[in-house]
Amino acid sequence: MKHILEFEKPVVNLKEKIAELKKFTHDSEIDLTEEIKTLEERLKILEDDIYGNLKPWDRVQMARHPERPTTLDYIERIFTDFIEFHGDRLFGDDEAIVAGIAFYKDKPVTVIGHQRGKDTKENIRRNFGMPHPEGYRKALRHMKQAEKFNRPIICFIDTKGAYPGKAAEERGQSEAIAKNLMEMAGLTVPIVCIVIGEGGSGGALALGVGDHVHMLENSTYSVISPEGAAALLWKDASLAKHAAETMAITSYELKKLQVIEEIIPEPHGGAHRDIEEQAKFIDKVLSQSLRTLSALGEEELLEHRWEKYKLIGDFNLV
């Protein structure tokens, strides 16, 4: 593993110890099978304890893991015959968002998602997954096309937020996001959104108005990053860990608040440990969602969407 998170170090250290004993047993005549077996049992208990009791800040780090699978990783494993299209027909192309058409279980769908890079060079090309206005307009162009040809829309959400630079503001960043929110609310085809990493602010919401919204177990979804919240509330970005614990940004908290429909499980240690298995978990939930939503007529679909968002934030004063 290239990137080891702080809370994972006890697991990694124990794995290294087991590997050393196995090598020693292989290279010598001393049998350490029982010792290895004992350590492997301890490892399983340790992994269950650590990964089964992650704190909000631990999940933030998991969501940001440099090796975490991206939209294109999942497209490759879940869909077939994906064709990517470029440009918004107004300004240019934004590689922070990928969009195109594909087949899902032999049925045509439109797939849209934020795209981070795997290394520094690609991250710069894709602007670290932070879209410009043309990225959101490209996404909307494909959503309207999907509606025209009656194709379901699948959105993968993974961004720290929309790009806050001067050029993005000059080209209408806030208007582009607001228009996506408005248009997605009224689309007459099923929309399934899946948060696969960070779901940050309006940059995530611009692809997030779905009939069903799901989250990977160790992803996050919030109106602002923990660092941003800490800087605003306490004038100290170093209090991000405390902010994460108070913001209700994890999948489990958002499920309780009815912001999302399903929590998609991850392999032990996070999605990056087994991309193939993670893709299967996503595929299962996606299949169920599309089957349910495809059975609804246009009016039913819009009514269902309206009811879903009307309930979010509903509470009773005690």
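1. Which residues of α13 are buried? They are Gln278, Ala279, Ile282, Val285, Leu286, Ser287, Ser289, Leu290 and Leu293. Buried means under 20% relative accessible area, exposed over 50%, and partly exposed in between (1.4 Å probe, protein chains only).

2. A word on the basis. This is a predicted model, in which local features need pLDDT of at least 70, side-chain atom pairs count only at pLDDT 80 or more, and totals for chains, interfaces and linings use all residues. Residues are numbered from 1 along each chain as its sequence is written, and side-chain values use heavy atoms, leaving out hydrogens and water.

3. Helix α13 covers residues 275–294, 20 residues in total. Its first and last C-alpha atoms lie 28 Å apart, close to the expected 28 Å. The expected span is 1.5 Å times one less than the number of residues. Helices (H or I, at least four residues) and strands (E, at least two) are DSSP runs, numbered from the N terminus.

4. Helix α2 spans residues 33–51.

5. The disulfide count is 0, a disulfide being a pair of cysteine sulfur atoms within 2.5 Å. The sulfur of Cys155 has its closest cysteine sulfur in Cys193, 4.6 Å away, too far for a bond. Cys155 is buried at 0% relative accessible area. Cys193 is also buried, at 0%.
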